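Work through these exercises with the structure open. Try each task before you read its solution.

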Amino acid sequence: MLRPYNSKPVNTQGVSSPPRPDLGLLATTLQTKLPFEAQLEDVIPLAGDASNRRYFRLTLRGGPIPSLILMQLADPEGFKSSEEAVSSSAQGGTELPFINVLRPMAKVGVPVPTLHFFDESAGLLYLEDFGDVTLFQACADRNLDSLQRHYTQAIDTLVQIHLRLSPEQNSSCVAFSRSFDVP
């Protein structure tokens with residue numbers, strides 16, 4: 001039986017949070033819109049990133065995977081005028097920047113979460129759950145072999161991104177329009 005989730009929305013630095021996603025919509029989506037069927041067992045709020053997005057872990061039963069990450073946008077159309085979408089970009093924001101960057105990375109084999117479904121009208125993205133362990137946590141035991149393995153993998157991934165992605169091949173990717181300078 002699906003349990004209602006009742007923790008309060010996280011509101012960091014005056015950022016407005018969207019209302020909680022509708023449990024009925026989540027359950028229906030899991031049954032009809034994803035590339036697999038599963039039942040929604042629980043919805044667990046996750047710590048946010050100080051943006052206007054909220055994140056939840058959807059625990060599942062009866063499906064091929066135990067959980068998904070749900071990204072909830074505060075305003076499904078708000079990204080089009082966000083700094084994230086339009087900063088230094090020749091083209092206007094026509095696509096969610098997260099998807100705009102995810103797509104070319106996935107195409108060249110960079111490990112990114114699978115986007116199982118994007119409910120544009122509700123502003124909900126159903127993503128692969130990579131778990132909660134950060135690189136810092138994975139290396140916390142200070143075991144030299146572990147440190148070398150994890151940092152080698154991180155550096156290899158950065159090299160993969162650098163070698164496989166280019167502005168010429170991905171001119172519409174918002175990542176190539178960003179400049180991390182003073183302005």
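**Exercise 1. Strand pairing**

Gln-39 stands opposite Arg-61 in E2. This is a predicted model. Start from that pair and trace the sheet: which strands pair, and in which sense?

Solution. 

Step 1. Take E1 and E2. They pair in the antiparallel sense, over seven bridges.

Step 2. Move on to E3. E2 and E3 are also antiparallel, with six bridges. Two partner pairs mark this pairing: Thr-59 has Ser-67 in E3 as its bridge partner, and Tyr-55 has Met-71.

Step 3. Check the connection. E2 and E3 form a hairpin with five residues between them. Gly-62 lies in the turn, with a positive phi of about 80 degrees.

Step 4. Finish with E5. E3 and E5 pair in the antiparallel sense over five bridges. Leu-68 stands opposite Glu-128 in E5.

**Exercise 2. Burial of E2 and E3**

How many residues of E2 and of E3 are buried? Which residues of E3 point one way, and which the other way?

Solution. 

Step 1. Set the cut-off. Buried means under 20% relative accessible area.

Step 2. Count in E2. Seven of its eight residues are buried, so by that cut-off E2 is mostly covered.

Step 3. Count in E3. Six of the six residues are buried, so E3 is largely enclosed by the rest of the structure.

Step 4. Sort E3. Ser-67, Ile-69 and Met-71 point one way. Leu-68, Leu-70 and Gln-72 point the other way. All are buried.

**Exercise 3. The faces of H5**

Which residues of H5 are buried, and why do they line one face of the helix?

Solution. 

Step 1. Get the dimensions. H5 covers residues 144–164. Its 21 residues reach 30 Å from first C-alpha to last, close to the 30 Å expected at 1.5 Å a residue.

Step 2. Find the buried residues. They are Ser-146, His-150 and Gln-160. Seen down the axis of H5, the buried residues fall within an arc of 80 degrees, so they line one face.

Step 3. Turn to the face away from the buried side. Leu-144, Asp-145, Leu-158, His-162 and Leu-163 are exposed there.

Step 4. Ask what covers the buried residues. Helix H4 (135–138) is included.

Step 5. Zoom in on Ser-146. Its relative accessible area is 7%. Leaving aside neighbours within four places in sequence, Ser-146 contacts Ala-138 and Asp-141.

Step 6. Inspect the start of H5. A side-chain oxygen of Asn-143 reaches to within 2.8 Å of the backbone nitrogen of Asp-145.

**Exercise 4. H3 and the whole chain**

Which residues of H3 are buried? In what order do the elements of the protein run?

Solution. 

Step 1. Read H3, residues 97–107. Pro-97, Ile-99, Asn-100, Leu-102, Pro-104 and Met-105 are buried.

Step 2. Go past its end. Gly-109 follows H3, and its phi is positive, near 85 degrees.

Step 3. Zoom out. The protein has five helices and five strands. From the N terminus on, they run α-β-β-β-α-α-β-β-α-α.

Step 4. Take the totals. Buried residues make up 34% of the 183 residues. Of the contacts with a separation of 6 or more, 49% join residues 24 or more positions apart.

How values were computed. Residues are numbered from 1 along each chain as its sequence is written. This is a predicted model: local features need pLDDT of at least 70, side-chain atom pairs count only at pLDDT 80 or more; totals for chains, interfaces and linings use all residues. Side-chain values use heavy atoms; hydrogens and water are left out. Helices (H or I, at least four residues) and strands (E, at least two) are DSSP runs, numbered from the N terminus. Buried means under 20% relative accessible area, exposed over 50%, partly exposed in between (1.4 Å probe, protein chains only). Contact means heavy atoms within 4.5 Å. The expected span of a helix is 1.5 Å times one less than its number of residues. The arc is that of the directions from the helix axis to the C-beta atoms. A polar contact is a pair of N or O atoms within 3.5 Å; within protein, one must be able to donate a hydrogen and the other to accept it, and residues adjacent in sequence count only if both atoms are side-chain atoms. Two strands pair if DSSP finds at least two bridges between them.
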